Amino acid sequence: MRRQDFMALALKEAEAAALRGEVPVGAVVVGGDTVVGSAGNRTREFADPTAHAEMLAIREACRKLSSERLSGHDLYVTLEPCTMCAGAISFARLRRLYFGVADEKGGAVVNGVRFFTSPTCHHVPDIYPGMAENAAAALLKDFFRERRGP
């Protein structure tokens, strides 16, 4: 599979999240050509503020691999991770982070606290922003337009 195929899987997770009434964010953890974790946001469904797509996908991958470290694995996510998720990415030792839309309000990678540039950050993945940005942005815009009205 190609990188675009993995981001397409993350977009499908985001679409499924939107159908559940969740903010449409999806994430996929990949090792080689194998998806080892995937999820969409479930914060409302689980009544859990930590149930972000990235957190759930990382948890699933760690469970499947029986390891708290995901060295050599990559994360594909449709929206720039927040501070909490950036911390989890660092602690999981993910090799690469691919994300779609930059999040000026809640992002912590290229916006906000820029978590990975902090001297206290223990591990910094390779970062690739803007993957499938238009598709991910359209999902978010449509979701919020439907809730807020014209």
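These legends describe close-up views of a predicted model.

View 1. E60 and K64 form a salt bridge. Their closest N and O atoms lie 3.2 Å apart. Why can these two residues pair within helix α3? E60 and K64 are four residues apart in α3 (residues 53-65), so about one helical turn separates them. An α-helix has 3.6 residues a turn, so residues three or four places apart point the same way. K64 counts as exposed because its relative accessibility is 53%, and the cut-off for exposed is over 50%. This pair belongs to a structure that holds eight salt bridges.

**View 2. A salt bridge between distant parts of the chain.** D74 forms a salt bridge with R95. The closest N and O atoms are 3.0 Å apart. D74 sits in strand β3 (residues 73-79). R95 sits in the loop between α4 (83-92) and β4 (96-101). The two residues are 21 residues apart, and the pair links distant parts of the chain. Is D74 buried or exposed? D74 is buried, with a relative accessible area of 5%. R95 counts as partly exposed, at 33% relative accessibility.

View 3. The side chains of R147 and E146 meet in a salt bridge, with an N to O distance of 3.9 Å. That distance falls within the 4 Å cut-off, so the pair counts as a salt bridge. R147 is partly exposed, at 45% relative accessibility. E146 is exposed, at 64%.

**View 4. Helix α3 beside helix α4.** The axes of α3 and α4 come within 9 Å of each other. They cross at roughly 25 degrees. Angles under 35 degrees count as roughly parallel, and α3 and α4 are therefore roughly parallel to each other. Their crossing is left-handed. On the α3 side, the residues in contact are E54, M55 and I58. On the α4 side, they are M84, C85, A88, I89 and A92. By class, this contact has seven nonpolar residues, no polar ones and one charged residue.

**View 5. The cover around helix α4.** How many of the 10 residues of α4 are buried? Seven are, and the helix is mostly covered. The buried residues are C85, A86, G87, A88, I89, S90 and A92. What do they pack against? The buried residues of α4 pack against α3, β3 and β4. Just after α4, R93 takes a positive phi of about 60 degrees.

**View 6. V124 and S90.** V124 lies in the loop between β4 and β5 (126-129). V124 counts as partly exposed, at 43% relative accessibility. V124 and S90 are 34 residues apart along the chain. Their C-alpha atoms are separated by 6.1 Å. S90 itself is one of the buried residues of α4.

View 7. T78 is found in strand β3. Is T78 buried or exposed? T78 counts as buried because its relative accessibility is 2%, and buried means under 20%. Neighbours within four places in sequence are left aside here. T78 is then in contact with M7, A10, L11, A14, P24, V25, G26, G100, V101 and A136.

Note on methods
Residues are numbered from 1 along each chain as its sequence is written. This is a predicted model: local features need pLDDT of at least 70, side-chain atom pairs count only at pLDDT 80 or more; totals for chains, interfaces and linings use all residues. Side-chain values use heavy atoms; hydrogens and water are left out. Buried means under 20% relative accessible area, exposed over 50%, partly exposed in between (1.4 Å probe, protein chains only). Axes are lines fitted to C-alpha atoms, for helices over the stretch in contact, and angles run from 0 to 180 degrees between N-to-C directions. Angles under 35 degrees count as roughly parallel, over 145 as roughly antiparallel, 65 to 115 as roughly perpendicular and the rest as oblique. A crossing is left-handed if the near helix is turned anticlockwise from the far one by less than a right angle, and right-handed if clockwise. Contact means heavy atoms within 4.5 Å. Ala, Val, Leu, Ile, Met, Phe, Trp, Tyr, Cys and Pro count as nonpolar, Asp, Glu, Lys and Arg as charged, and the others, Gly among them, as polar.
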